[in-house]
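I opened the notebook to record a few look-ups on this model. Confidence comes before any detail.

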Amino acid sequence: MASETVDDGEQTITIKEYLNEVEEEELEADLVLGGDEGKECTYTKGYMKRQAIFSCLTCTPEGNAGVCTACSLSCHDSHEIVELWTKRNFKCDCGNSKFGEFFCKLFPSKDVENVDNLYNHNFKGLYCTCNRPYPDPDVEEQVEMIQCCMCEDWFHEEHIGLESSNEIPRDEEGEPLYEDFICNACSAVCSFLSLYPPTMWAAVVQHSGSTNTKKDKDVMQDIPSACGSEKPENGICSGSSPKKDDLMADTKSESLSGGKGFDTGESSEKKVGSNKDDISHTKCLLGENLVSDIPILPSKPLFLSKNWRDILCRCEKCLDMYNQKHIGYLVDKEDSIAEYEKTAKQKREEKLQQQEGSELSFLDKLGHVEKMEILNGIADMKDEFRTFLESFDPSNAVTSADVHQIFENLAKKRRRVE
Ligand SMILES: [Zn+2]
Ligand SMILES: [Zn+2]
Ligand SMILES: [Zn+2]
Ligand SMILES: [Zn+2]
Ligand SMILES: [Zn+2]
Ligand SMILES: [Zn+2]
């Protein structure tokens, strides 16, 4: 048996690589589940700030219901399940009126409907403006999608309205430099963001105006269009004052390309938002009358910097505006994915420590000799396994005879010791 690796084009990985992979997958799963053990239906916790949600296409093919982790495992085992990652402000629907005769095994006494739950085409297993499933059976190579932090839909990079995906702020390794993404449609709801300094935006090489404005009108109708005078540096309103009629007619507004736009990220550290103390003050970070002075901009995909939510003004006027727009969650720390994952990581650490703890306490109960026996046994097993792997030709499959041989060798070793 040759010990050197024969490169026959087959993918082979070492045990270490394999274990790392398993660990990574476990971490990923834990991050999505947010420390939920998946044992109890989360219905009793009410509308949770954020939780992993699943849709069952077997029970509710219309995509008008979502269930919690525990229900997806216990009640919808072997059903056709769509993983929706996490959703905000959601209450488990399992077994309610949407499920007909079907009863929840974990918590059957639910209200007929959860009126505050929001559903989109994700619940039918469809994503993005192109309305495709993921993974897409018609596509050979699946590409990762980006989630909008407002509507929580997922988007293909090439469908978010950018001319090139190079405009997405990413480092050289392709890791995102932005904390949140806001899709075209949702950007219309938060054009007030344009009043904030460049620190709000994740730095990108270049931003150009998008051409999609179709959804602006309803949202923006009652907002006057003049630009405020106190924010010349943000560039967006520095040139012209787009009127709301222009918005519908002129999709490539000069107001975007005319100014410095979002392209630098650090060129002008200015008073708004850069001073954390401002946040707690009742004075609006955006100036006196800015809430009524929000410029109207064509929709465009937005990439927000790390901690952008902390920068958002919490004055009474702004809070009112968020509530009117039903986006109050933006100033709720627990809403953000970053925060959710932070909590999930903490719970994971605790869980791992507990596991380690219970292994140790098992050993503690044993006498010294027994302890050494077990530890030696593990070491022997590892040794034998390593020897086997080192001598193993990776182009061959492991057979039961091989495994048998390992244990045989181990047994011989033991006999020698005794
Ligand atoms: Zn449930
Ligand atoms: Zn089901
Ligand atoms: Zn259930
Ligand atoms: Zn798409
Ligand atoms: Zn969106
Ligand atoms: Zn304010």
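Entry 1, confidence. I noted that this is a predicted model. I looked up the average pLDDT for the protein and found 77, with 70% of the residues scoring at least 70. Over residues 1-7 the pLDDT is below 50, and I found nine contacts for this stretch beyond near neighbours in sequence. Residues 206-279 also stay under 50 in pLDDT. For them the model has 146 contacts beyond four places in sequence. Where pLDDT is low, the predicted coordinates should not be read in detail, so I left the matter there.

Entry 2, strands. I checked how covered strand S1 is, residues 48-56, and nine of its nine residues are buried. I then looked for its pairing with strand S2, residues 81-90. The two run in the antiparallel sense, with seven bridges between them. I followed one bridge by name: Cys56 has Ile81 in S2 as its partner.

I located Val32 in helix H1, which spans residues 15-33. Next I listed what Val32 touches, leaving aside neighbours within four places in sequence: Ala52, Trp85 and Thr86. For Trp85 I also looked up the C-alpha separation from Val32, which is 6.1 Å, although the two are 53 residues apart along the chain.

Note on methods
Residues numbered from 1 in each chain as written. Chains lettered and ligands numbered in written order. Predicted model: local features only at pLDDT ≥ 70, side-chain atom pairs only at ≥ 80, totals over all residues. pLDDT = per-residue confidence, 0-100. Contact = placed C-beta atoms within 7 Å. Buried ≥ 20, exposed ≤ 12 C-beta atoms within 10 Å, placed from the backbone. Helix = DSSP H or I, 4+ residues; strand = E, 2+ residues; numbered from the N terminus. Pairing = 2+ DSSP bridges.
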